[in-house]
Amino acid sequence: MAKDPQFTAREIAQLGWYTARIAKRGIAGENVHIDDLTRKVDRIIDGAREREDRQAAEAAEVEKASRKADAAAKAAKNRK
């Protein structure tokens, strides 16, 4: 199983709410349908993973641009 991402405050609240609803339905009995809630929980977790991947890609792009700018500045300094 993949490592759980860092969740935002909103995601934590939503996960807590859905977990409580799943538990409440669990108290009602074994034959109670909870797949709708588990899909919602999975969707929140998948969204958090996508957000982390997107943020990591953006950070890598910024780092690459920073290195390129530093290299250009060094080259310009060496030309003087």
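This is a predicted model: local features need pLDDT of at least 70, side-chain atom pairs count only at pLDDT 80 or more; totals for chains, interfaces and linings use all residues.
Helices (H or I, at least four residues) and strands (E, at least two) are DSSP runs, numbered from the N terminus.

View 1. Residues are numbered from 1 along each chain as its sequence is written, and side-chain values use heavy atoms, with hydrogens and water left out. Along the principal axes, the C-alpha atoms fill a box of roughly 80 × 20 × 15 Å. The chain has a radius of gyration of 22 Å, while a compact globule of 80 residues would have one near 12 Å (taken over C-alpha atoms; the globule rule is 2.2 Å times the number of residues to the power 0.38).

**View 2. Glu 11 in helix H1, residues 9-28.** Here Glu 11 is buried, at a relative accessible area of 11% (buried means under 20%, exposed over 50%, partly exposed in between, with a 1.4 Å probe and protein chains only). What does Glu 11 contact, leaving aside its neighbours within four places in sequence? Its partners are Gln 6, Ile 44, Ala 48 and Arg 51, where contact means heavy atoms within 4.5 Å.

**View 3. Lys 3, in the segment before H1.** Is Lys 3 buried or exposed? Lys 3 is exposed, with a relative accessible area of 74%.
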